[in-house]
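Trainee: Can we go through this one together? I'd like to talk about its rings.

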Amino acid sequence: MKFNYQRIVAYQHVGQNLRMRTDAVVRLMQAAAIAHSEKAGFGIDKLLKEQMGWMLFRTVVQIEQFPKYGQSFRIETWINRYSRYKAYRCFRFFCDDHVVGEAVALYFFFNMATRQFEHVTPTLIEAFSPDPD
């Protein structure tokens, strides 16, 4: 399932040139991923109760044009694929409905009690699977 996270570029997101900073983009990516997980039924409360979590390992971000202060900024995110204990989350960035960038992040599924990586469960995969057409 794809998830959309919409924001207006606020003052705390921009630098001296009034364009969004890279660190603000990454923070909003994390916020979008968390909101997506909540919607899928695997929010932070559920994961903590089960002593599980996602550990961000690597992120690659490419932005063609940074949005300006006050502009509408939308992040579309989805989980592209799973591999044992890993998930690859994709992001696409929109500014006023134009694609301005993309990113991919690699997460590991982690058991906090055993401090070991865990296999991604079929239930988790199903929760994030694409909506049927």
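**Rings and charges**

Mentor: The charged end of Arg 81 lies over the ring of Tyr 88, 4.0 Å from the ring centre. A charge sits over a ring if NZ of Lys or CZ of Arg is within 6 Å of the ring centre and within 35 degrees of the ring normal. This is a predicted model, where local features need pLDDT of at least 70, side-chain atom pairs count only at pLDDT 80 or more, and totals for chains, interfaces and linings use all residues. Residues are numbered from 1 along each chain as its sequence is written, and side-chain values use heavy atoms, with hydrogens and water left out.

Trainee: What does the charged end of Lys 2 sit over?

Mentor: The ring of Trp 78, 4.4 Å from its centre.

Trainee: Switching to ring pairs: how many aromatic pairs does the structure hold?

Mentor: It holds 10. Rings of Phe, Tyr and Trp (its six-membered ring) pair if their centres lie within 6.5 Å; planes under 30 degrees apart count as stacked, over 60 as edge-to-face and the rest as tilted. Tyr 85 and Phe 108 have ring centres 5.7 Å apart and planes at 40°, so that pair is tilted.

Trainee: Is Phe 108 buried or exposed?

Mentor: Phe 108 counts as buried, at 10% relative accessibility. Buried means under 20% relative accessible area, exposed over 50%, partly exposed in between (1.4 Å probe, protein chains only). Phe 108 also pairs with Phe 117: centres 4.8 Å apart, planes at 40°, so tilted.

Trainee: And which residues do ring pairs link into a cluster?

Mentor: Phe 57, Tyr 85, Phe 108, Phe 110 and Phe 117.
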